[in-house]
Amino acid sequence: MLTAVDHVQLAAPPGSEERLRAFYTGVLGMTETPKPPALAARGGCWFEAGDVRLHLGIERDFRPARKPHPGLRVTGIDALAARLTAHRAPVTWDDTLPGHRRFYSEDPVGNRLEFLEPSAAMPAPRA
């Protein structure tokens with residue numbers, strides 16, 4: 001029986017760890033989590049914020065994820081959009097998901113990221 005998503009893994013090109021750290025910790029405010037030694041030898045970085053865990057793994061023939069993406073629920077979506085814009089990350093608003101405000105952006109290696117916040121008018125979940 002499934003109980004939760006443990007983490008989402010995205011790919012990254014070799015040698016991109018410092019750019020990933022600057023973005024995921026410096027811009028998004030996540031914390032880097034140490035990888036177990038056997039996995040650290042492969043490169044990449046792991047990040048978390050609350051229950052959100054993202055793993056960035058090194059892939060030699062890297063191509064950014066343009067359609068598949070993590071959907072990251074946030075609070076203060078306008079402030080986050082402004083912060084990303086200030087750091088020269090793209091922000092593309094999308095109003096097609098009822099009950100949410102959302103936009104898409106990219107990490108420094110081109111992976112698509114979705115940020116969404118429930119609208120104030122969204123009904124309470126059913127019991």
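1. Start with the second largest pocket: about 180 Å³ of space lies in it. A pocket here is an open set of points on a 1 Å grid over the protein atoms alone, where a 1.4 Å probe fits, with protein on both sides within 12 Å along at least five of seven lines. The volume is the space filled by probe spheres set on the points.

2. A word on the basis. This is a predicted model, so local features need pLDDT of at least 70 and side-chain atom pairs pLDDT 80 or more, while totals for chains, interfaces and linings use all residues. Residues are numbered from 1 along each chain as its sequence is written, and side-chain values use heavy atoms, without hydrogens and water.

3. What lines the second largest pocket? Its lining includes Val27, Leu28, Met30, Leu80 and Phe115. Lining residues have an atom within 4 Å of a point. They divide into nine nonpolar, no polar and one charged. Ala, Val, Leu, Ile, Met, Phe, Trp, Tyr, Cys and Pro count as nonpolar, Asp, Glu, Lys and Arg as charged, and the others, Gly among them, as polar.

4. Now the largest pocket. Its volume is about 210 Å³. Val5, Asp6, His7 and Val8 are among its lining residues. Strands β4 (52–58) and β5 (71–73) each supply at least two residues of that lining. Strands are DSSP runs of E, at least two residues, numbered from the N terminus.

5. Val52, Leu72 and Arg73 line the largest pocket.

6. Look next at His100, in strand β7 (residues 100–106). Is His100 buried or exposed? It is buried, at a relative accessible area of 14%. Buried means under 20% and exposed over 50%, with partly exposed in between (1.4 Å probe, protein chains only). A polar atom of the His100 side chain lies 3.2 Å from the backbone oxygen of Pro98.

7. How many aromatic pairs are there? The count is four. One of them, Phe23 with Tyr24, is edge-to-face, at 5.0 Å centre to centre and 90° between the planes. Rings of Phe, Tyr and Trp (its six-membered ring) pair if their centres lie within 6.5 Å; planes over 60 degrees apart are edge-to-face, under 30 stacked, the rest tilted. Phe23 is buried at 6% relative accessible area, and Tyr24 is buried at 0%. Ring pairs link Phe23, Tyr24 and Phe47 into a cluster.

Methods. Helix = DSSP H or I, 4+ residues; strand = E, 2+ residues; numbered from the N terminus. Polar contact = N/O pair within 3.5 Å; in protein donor to acceptor, adjacent residues only side chain to side chain.
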